[in-house]
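Please read these notes with the model open beside you. They take one topic at a time.

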2 protein chains.
Amino acid sequence: LARLLSAVERGGPEAHEVGRLTYPVGGTAYTVGLTGAPGSGKSTLTAQLIAHLRRQGDEVGVLAVDPSSPFSGGAILGDRVRMQDHALDEGVFIRSMATRGHLGGLALATPEAVRLLDAVGFDWVLIETVGVGQVEVEVAGAADTTVVVVNPGWGDAVQASKAGLLEIADVFVVNKADRPGVEETTRDLRQMLELSDHSRPWLPPIVATVALGGEGIAEAWAAVLAHRAQLEDNGDLIARRESRVAAELVRIVAERLESRAREVCRGEAYEDLRRDVLDRQLDPYSAADEILAWVGSQ
Amino acid sequence: LARLLSAVERGGPEAHEVGRLTYPVGGTAYTVGLTGAPGSGKSTLTAQLIAHLRRQGDEVGVLAVDPSSPFSGGAILGDRVRMQDHALDEGVFIRSMATRGHLGGLALATPEAVRLLDAVGFDWVLIETVGVGQVEVEVAGAADTTVVVVNPGWGDAVQASKAGLLEIADVFVVNKADRPGVEETTRDLRQMLELSDHSRPWLPPIVATVALGGEGIAEAWAAVLAHRAQLEDNGDLIARRESRVAAELVRIVAERLESRAREVCRGEAYEDLRRDVLDRQLDPYSAADEILAWVGSQ
């Protein structure tokens, strides 16, 4: 499994072969995304949820999604260390995942990795994302249920809203609830949810936890289960999954075209154009038009 | 200027026309990126730097880069409010920027917006990014000098490293330095910079500020100027700008190809394929292969 996941991270023909083999057999695992600002305690919460699920005998695959630094390509595996309690448990598989050259980035590598964990039979796949940027929010939001973790204190709810987390949250967890400000944060979240004026059938519950001490974990998981039940009852689970797959298909096509673009952006004619752009003789958009004429003629 | 920036945010032919007109006349503005975790005080620091530059008579354009929520498309303009001190000053232009439909996203819209501010004659363009995700780090890192803002306290330096900020920082600012832990954070940053083992000619200085009280602002700006002087002396400024423009060119080509992908992903034949994928009769990668055959034949 670890080797197959490495192939998925690298992308390319081997990853696509994994995809071809796993795609027909999946569809039974339920995916839960966990996101929130760095330091909010997502990893501790994830570790506690794993323990909770293991006590029930459920098997859990975990992807700790860690965007490679755009410069070093390296991923820091701190979260993996924090999850080492489960290292010897066969019913748990934890993977700190980066892109390692996958041209489609995390947005494409993650659903492939999820399908692999699904295909090998995990009941649950947890996707924990590090950071609250555009890509991370997108990846965490592409789960069946998305849990957004915030902390007590002024401004945390506003920051979550800024990062686009309000729209993707199915469940809010106010973690580190032994600190002051839980009521204010809960009230802020509730107000912002009401203001956001969604016509969605589900109002995200807000659960207080102290993940480090194991408090509120059962309640947080019950909220996830309640959301799942609602999705299954009204048919939204199938609709959500279908729209995710359709979006992925468009993204794969786009990624393949990007590879073509990279192929075309080399060679002598390209270098001449590039030189003209650097000399400000030609703007980048006009240069792109010329290059695209080459792609079309191939 | 505001209307032209709106055109840039929307992308499309109008934006490209703006690009064609501004590209030949720019090149004199110096760009400074500011990034860091939500709540680190980037906006307050930016407001203070604007005030500092205005006292010297310099003109400043500011882009507060705020990724649209992937779902609502809306940007929350809180930072703009905080910067309203400068609202009536003609030597300052502040814009809270989102993508609003620009297909290339912030990574393409931002350099276009910078060129526009450059072309109309601002001495400095500050680019403040909200959040520390992949896209935000990339956008802030694509400045001439990049300032990374952290706060005192255990773990902040580690979080900055996780988010890939160590690699893009030219100057570190430890803001809110009236709180305990400044020495520890400074020491952590210094250690991590040494560990990162770059052969770069510039070791990022670490400056303590209390942006809210205006402390350390002159020192922070002096660090930016020192970095600029070093880049200009050793020729790296030109090299940096050239590699940015070359990367942008590849990205524009890719974005145009993506538009083609979206065009091809509609119609009856596409719907049939999509249905096969949803029914798990066909995996997304094999479906993409079929679609790409259509793109090639157009």
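How many helices and strands are there in chain A?

1. Overall make-up. Chain A has 13 helices and seven strands. Helices (H or I, at least four residues) and strands (E, at least two) are DSSP runs, numbered from the N terminus. This is a predicted model, in which local features need pLDDT of at least 70 and side-chain atom pairs count only at pLDDT 80 or more, while totals for chains, interfaces and linings use all residues. Residues are numbered from 1 along each chain as its sequence is written, chains are lettered from A and ligands numbered from 1 in the order in which they are written, and side-chain values use heavy atoms, with hydrogens and water left out.

2. Burial and contacts. Of the 298 residues of chain A, 56% count as buried. Buried means under 20% relative accessible area, exposed means over 50%, and partly exposed is in between (1.4 Å probe, protein chains only). Take the contacts in chain A between residues at least 6 apart in sequence: 77% of them join residues at least 24 apart. Contact means heavy atoms within 4.5 Å.

3. Nonpolar cores. The largest nonpolar core has 41 residues. A core is a set of buried Ala, Val, Leu, Ile, Met, Phe, Trp, Tyr and Cys residues joined through side-chain atoms within 4.5 Å. A:V253, A:I291, B:V253 and B:I291 have the most contacts inside it. Helix 11 (236-264), helix 12 (268-278) and helix 13 (284-296) of chain A each supply at least two residues of this core, and so do helix 11 (236-264), helix 12 (268-278) and helix 13 (284-296) of chain B. Helix 11 of chain A gives the largest share, eight residues. A second, separate core has 40 residues, among them A:V8, A:V18, A:V65 and A:V139.

4. B:I291 up close. Which residues does B:I291 contact, leaving aside neighbours within four places in sequence? In chain A they are A:L249 and A:V253. In chain B they are B:V264, B:C265, B:Y270 and B:L273.

5. A helix pair in chain A. Helix 1 (residues 2-10) and helix 2 (residues 12-22) of chain A pack at about 125°, with axes 7 Å apart. Helix 1 of chain A is therefore oblique to helix 2 of chain A. Angles under 35 degrees count as roughly parallel, over 145 as roughly antiparallel, 65 to 115 as roughly perpendicular and the rest as oblique. Axes are lines fitted to C-alpha atoms, for helices over the stretch in contact, and angles run from 0 to 180 degrees between N-to-C directions. A:L4, A:A7, A:V8 and A:R10 of helix 1 make the contact with A:G12, A:E14, A:A15 and A:V18 of helix 2.

6. A buried tyrosine. Is A:Y30 buried or exposed? A:Y30 counts as buried, at 0% relative accessibility. A:Y30 lies in strand 1 (residues 30-36) of chain A. A:W124 is 94 residues away along the chain, yet the two C-alpha atoms are separated by 5.0 Å. Beyond neighbours within four places in sequence, the contacts of A:Y30 include A:D123, A:W124, A:H227 and A:R241.

7. A backbone point to check. A:K176 has a positive phi of about 60° although it is not a glycine. A:K176 sits in the loop between strand 6 (171-174) and helix 9 (182-195) of chain A. A:K176 is partly exposed, with a relative accessible area of 23%. In chain B, phi of B:K176 is also positive, near 60°. B:K176 is partly exposed, with a relative accessible area of 22%.
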